[in-house]
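Me: I'm new to this one. Can you walk me through it in short answers?

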Amino acid sequence: MRSKRERNRMRTKMFVLLGLLFVLSVSTYVSAQTVVVIVNAGNRITDLSNADLKTMFKAEKADWSDGKKVFLTGLEGPVAEKFAKMALGLSAKKMNKMWLTKVFQGVIESPQVLANGAAVKQHVANMPGGIGFIDATEVDVSVKILTIDGKKYDGAGYLLK
Amino acid sequence: MLSEKSVFAGFFLLSLCISQFSSPAHAATKAIRGFADFNFSLTDADDGRSQFRLGQYDTYITGSLTDKITYLSEVVFEYDEGWILDLERLWVRYKFNDALSVSTGKFHTALGFWNRNYHHGALLHTSVDRPIYLFFEDEGGILPIHTTGLLISGIDIGSSRIYYDVMVGNGLGSSPTEDNDSAKSISVYVHSKVIEDVDFGVSFYSDSVSEGAVIDAHAHGGDEALPLGEDVDQLIMSANVSVNKGNVELLTEFAQVTNKGQRTGTKGTTTGLYALGAYSFDDLTPFFKFDLLDPDDADPIFSPGKTTAFSVGVKYDLSYLAAVKVQYTNLDVEGADKENLLRTQLAIGF
């Protein structure tokens with residue numbers, strides 16, 4: 001029979017192991033996520049260059065090439081962190097604060113920062129000129145996925161993989 | 001100086017655009033947002049004391065009326081022997097495209113980076129306070145940081161990534177509802193982002209301020225607001241460089257204000273400068289700021305004492321809508337004892 005002390009020690013080890021496994025699985029999931037940039041299905045744009053993607057999400061441009069207004073849509077959580085870091089080299093907080101500065105200047109319309117990918121998808125689908133980013137697994141036909149620098153999200157060399 | 005006919009023509013053109021070329025099919029949008037900050041400070045000044053202080057409570061409404069017409073209104077609640085409501089900005093804009101917009105109303109004057117970017121939003125800037133030379137007009141600032149008039153602007157033009165603002169307004173001494181003379185102020189701010197994550201720009205401002213225009217007590221270092229004794233030609237030039245790349249923030253700006261009395265020929269040049277550097281470790285951002293305000297004794301408008309300030313501090317971002325800052329400042333105002341200040345601030349946005 002194991003003493004109570006040994007059982008407690010064993011239990012602690014199991015919790016630590018489970019915790020490590022959880023952290024590992026979450027971080028693997030996050031790093032394995034592919035982020036896609038989505039626009040309203042009516043938008044004629046099909047591709048954004050890396051440079052245009054930066055300009056757009058740093059809120060330094062307010063119009064699409066056809067003159068329609070850009071409506072940025074943000075997202076909370078790890079997908080936003082990954083997108084901000086890979087697309088802009090910033091944290092999601094810095095990206096959102098940058099947007100706030102541009103709203104305060106009157107350069108862009110006030111973006112929505114939403115809680116999940118489904119909400120972002122719905123918002124972009126309903127907003128002509130809307131643009132956002134979500135996990136690739138959440139995409140459906142209600143929105144259009146843009147290629148980045150001519151590369152598809154499931155192909156080699158895609159920026160947000 | 002710009003003729004009144006030219007200004008009238010510009011204003012008429014804007015009205016025509018708004019009435020003729022707007023698309024009624026667009027759904028109007030509206031967002032109500034704002035900033036507030038809460039402060040506590042300690043000082044070693046002889047007449048100083050520790051104190052809690054409410055900062056500026058700023059609310060602004062922004063949105064669109066049509067696909068081409070946008071608007072912004074901003075009010076600040078301030079305490080000045082009683083709560084007052086100050087209309088900081090109110091403008092309506094017709095946008096042809098990113099390269100050309102025409103707006104009318106009350107604006108942040110097209111003078112440099114800080115004035116156009118941060119203004120009342122303490123959450124948006126890293127330091128607790130504004131640079132000294134960019135204090136508000138009623139706090140002793142040397143720049144006319146608000147202008148009522150007409151603005152032509154454009155963003156992200158060409159491969160040089162040029163941004164510009166050209167502004168014609170009532171100028172110093174006027175109120176938002178009335179000009180005190182027929183001379184109009186002109187300001188131009190041109191900046192470029194041709195180098196990624198770097199913004200550099202230059203500004204120019206010219207005005208003729210009329211005799212009798214009332215100058216705030218802080219500006220001339222006295223106790224009471226004083227009327228100007230003669231017409232004064234005012235010329236302001238400024239330049240800025242900002243780097244915002246990854247974890248690094250570097251920002252420096254310089255302004256030179258030259259005032260010359262038309263009758264006496266008395267001329268004075270006042271200089272303002274600040275430099276801010278910061279590096280972010282995730283949510284924690286240590287920073288420093290250096291301030292200089294160097295007035296000319298001969299200046300017919302400004303005569304506060306020469307001021308230098310060196311600050312170090314740290315900002316912690318709780319979210320993108322809330323930050324806590326702690327800042328130590330060593331303040332040296334000519335003619336007064338040096339002062340050490342410790343300030344904390346909770347800045348929020350909503």
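Me: Is B:R161 buried or exposed?
Reply: B:R161 is buried. Its relative accessible area is 18%, and the cut-off for buried is under 20%, so B:R161 falls on the buried side. Keep in mind that this is a predicted model.

Me: Where is B:R161 in chain B?
Reply: B:R161 sits in a loop of chain B. The loop runs between β7 (146-157) and β8 (162-169).

Me: What about phi of B:R161?
Reply: Phi is positive there, near 50°. B:R161 is a residue other than glycine.

Me: Let's switch to A:D149. What's the phi value?
Reply: Phi of A:D149 is near 55°. That is again a positive value in a residue other than glycine.

Me: And where do I find A:D149?
Reply: Look at the segment after β7 (147-148) of chain A.

Me: How accessible is A:D149?
Reply: A:D149 has a relative accessible area of 38%. It therefore counts as partly exposed.

Me: Back to chain B. How many helices and strands does the secondary structure have?
Reply: Chain B has three helices and 19 strands.

Me: How much of chain B is buried?
Reply: Chain B has 350 residues, and buried ones make up 51% of them.

Me: What share of the contacts in chain B is between residues 24 or more positions apart?
Reply: Take the contacts in chain B with a separation of 6 or more. Residues 24 or more positions apart account for 53% of those.

Me: Give me one strand residue to look at. Where is B:R53?
Reply: B:R53 is in strand β2 (residues 51-54) of chain B. Its relative accessibility is 45%, so B:R53 counts as partly exposed.

Me: What does B:R53 touch, leaving out residues up to four places away in sequence?
Reply: B:R53 touches B:D37, B:F38 and B:N39.

Me: How far apart are B:R53 and B:D37?
Reply: In sequence, B:R53 and B:D37 are 16 residues apart. In space they are 8.8 Å apart, C-alpha to C-alpha.

Me: Now chain A helices. How do α2 and α3 of chain A cross?
Reply: Helix α2 (residues 50-57) and helix α3 (residues 78-88) of chain A have axes that come within 9 Å. The axes cross at roughly 125°. The two helices are therefore oblique to each other.

Me: Which residues make that contact?
Reply: From α2(A), the contact uses A:L53, A:K54 and A:F57. From α3(A), A:F83, A:A87 and A:L88 take part. By class, that contact has five nonpolar residues, no polar ones and one charged.

Me: Which residues of α3(A) are buried?
Reply: The buried ones are A:V79, A:A80, A:K82, A:F83, A:A84, A:A87 and A:L88.

Me: What follows α3(A)?
Reply: A:G89 does. Phi of A:G89 is positive, near 70°.

Me: What lines the largest cavity?
Reply: Chain A supplies A:N96, A:W99, A:L100, A:V103, A:P111 and A:V113. Chain B supplies B:R33 and B:Y320.

Me: Which helix gives the largest share of that lining?
Reply: Helix α4 (residues 92-105) of chain A does, with four residues.

Me: And how does the lining divide by class?
Reply: Six residues of the lining are nonpolar, one is polar and one is charged.

Technical notes:
Residues numbered from 1 in each chain as written. Chains lettered and ligands numbered in written order. Predicted model: local features only at pLDDT ≥ 70, side-chain atom pairs only at ≥ 80, totals over all residues. Heavy atoms only, no water. 1 Å grid on protein atoms, 1.4 Å probe; cavity = no way out; pocket = protein on both sides within 12 Å on 5 of 7 lines; lining within 4 Å. Nonpolar A, V, L, I, M, F, W, Y, C, P; charged D, E, K, R; others polar. Axes fitted to C-alpha atoms, helices over the stretch in contact; angles between N-to-C directions. Parallel < 35°, antiparallel > 145°, perpendicular 65-115°, else oblique. Contact = heavy atoms within 4.5 Å. Buried < 20%, exposed > 50% of the residue type's maximum accessible area, 1.4 Å probe, protein only.
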